[in-house]
Each structure stands twice: as C-alpha cells, then as structure tokens.
Amino acid sequence: MGLSDVRADGLEGLDHNFLTGKLEDLVKWSRTRSCWPATFGLACCAIEMMAAGGAHYDLARYGMEVFRASPRQADLMIVAGRVSQKMAPVLRQVYDQMMEPKWVISMGVCASSGGMFNNYAIVQGVDQIVPVDVYAPGCPPGPETLMHAILTLHDQIESGELTRRRDANEPTIVEQVDGQTARATLGSR
C-alpha cells in the first residue's frame, strides 16, 4: 500500500496500527470525561438530579459540573420524571438539537415505563420518543443511583460498547444502589 492509496481511501484503507488504535482510545477517553448534560427535569426525579449536582455528591469530579441550558452545548440528556404526551415532541426536539454523539439516561420508573401513571396522558416509556442508553431505576432514584448510571454510561462510552449496541438497539439497565427497594423490574424494550 503506497501513499497514494492512503490519500484515496483515507484512514479506512489502513488497518489499525499503533497510531490509529491509540487515537481511537483517546477519543473514547475524552468523550467519557466530557459529558455535558442537558437540563430536562420533569417531576420529582429532577430534585434528585439537582442533588447529584450539589456539593455533597459533586458531579464536577466527572467533568459534569454545569447542566447546559442549550441542547446545542450538551451531549447527555437525563430524562428525570414522567413524560406527558404534550411534552414528548419538545423532548424529541431537544434531543434532535443535541450534538453527536449523544447519550440518554432514563431516570426513574416514570420515565422508564410510565410508572404508576398508566393512562393516556403519560408516555409509557421515554424509549418510545428517544433511544435510551442507560436506565436508572427507582421512585425516585437517589443521587447515588444516578451517579451509578452515569458511571455505567462512562464505562460503555470508553469501551465502545454503546456504538456497537446502538446498531443492535439494546438498552442497558443498572441496579438501584441507594438503599431503596425497587418496586418494578425493568425489562428490555
């Protein structure tokens, strides 16, 4: 393979070598350390999400100290709370305006499956609106559960599992770690 072949094919024409393999690892590492969440709190789970950003739990140590008000500055959407039918198009619009690659955490049983609100006004799972990467169970899940979901997302971003799984369309479910009892078991969509 000559230099002209590399120019014609770009990096796709090369097998993974020392430089490109390490560059991909560096990109995954930097994506992990620079998740910027968009504010999308809809119900009581949003209070727990705010608590996770406070001084006691300190999301700043993960590079997430500022929740972005503009979706164009965010790459992580934490859907905290129940999604009404009227809010669903707004949620999708915010998701579409986020920069690529973008990630979604469904926080709480209401966002994940509609919770106790089994009626026409509430979306029965936010995965009907946007693709969810990690589910955080609980009613409401505590800051510890949210942080566990964020760390699970970080591990999957760094390992490259999410980009492989997005093709297969399989979500990840994390266990509840804040000492509360889980009232519902979430299955895959």
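**Terms and values**

Author: The secondary structure of the chain comes to 7 helices and 5 strands, where helices (H or I, at least four residues) and strands (E, at least two) are DSSP runs numbered from the N terminus. Along the sequence these elements follow the pattern α-α-β-α-β-α-β-α-β-α-α-β. The model is predicted: local features need pLDDT of at least 70, side-chain atom pairs count only at pLDDT 80 or more, and totals for chains, interfaces and linings use all residues. Residues are numbered from 1 along each chain as its sequence is written, and side-chain values use heavy atoms, with hydrogens and water left out.

Reader: Why is Arg33 called partly exposed?

Author: Buried means under 20% relative accessible area, exposed over 50%, and partly exposed in between (1.4 Å probe, protein chains only). Arg33 has a relative accessible area of 40%, and is therefore partly exposed. Arg33 belongs to helix α2 (residues 18-33). Its C-alpha atom is separated by 6.3 Å from that of Tyr62, 29 residues apart along the chain. Over the chain of 189 residues, buried residues make up 41%.

Reader: What makes His56 exposed, and which class does Asp58 fall in?

Author: His56 has a relative accessible area of 67%, so it is exposed. Asp58, at 32%, is partly exposed. His56 is found in the loop between α3 and β2, and Asp58 is placed in the loop between α3 (45-52) and β2 (76-80). Asp58 also has a positive phi of about 55 degrees although it is not a glycine. Most residues other than glycine have a negative phi, and most peptide bonds are trans.

Reader: Which peptide bonds are cis?

Author: The bond from Glu100 to Pro101 is cis, with omega near -15 degrees, and so is the bond from Cys139 to Pro140, with omega near -20 degrees. Pro101 is in the loop between α4 (88-97) and β3 (103-107), whereas Pro140 lies in the loop between β4 (134-136) and α6.

Reader: How do you know what span to expect of helix α6?

Author: The expected span is 1.5 Å times one less than the number of residues. Helix α6 (residues 143-159) has 17 residues and reaches 24 Å from its first C-alpha to its last, close to the 24 Å expected. Its buried residues include Leu146, Ala149, Ile150, Leu153 and Ile157. An α-helix has 3.6 residues a turn, so residues three or four places apart point the same way. Gly160, with a positive phi near 85 degrees, follows α6.

Reader: What makes a space in this model a cavity, and how many are there of 30 Å³ or more?

Author: On a 1 Å grid over the protein atoms alone, a cavity is a set of points where a 1.4 Å probe fits but cannot get out, and lining residues have an atom within 4 Å of a point. Points are joined across faces, edges and corners, and the volume is the space filled by probe spheres set on them. The count comes to 1 cavity of 30 Å³ or more, and the largest cavity holds about 40 Å³ of space. Among its lining residues are Cys44, Cys110, Cys139 and Pro140.

Reader: Why is Lys102 said to lie over the face of Tyr95?

Author: A charge sits over a ring if NZ of Lys or CZ of Arg is within 6 Å of the ring centre and within 35 degrees of the ring normal. Lys102 lies over the face of Tyr95 at 4.3 Å from the ring centre.

Terms used: On a 1 Å grid over the protein atoms alone, a cavity is a set of points where a 1.4 Å probe fits but cannot get out, and a pocket is an open set with protein on both sides within 12 Å along at least five of seven lines; lining residues have an atom within 4 Å of a point.
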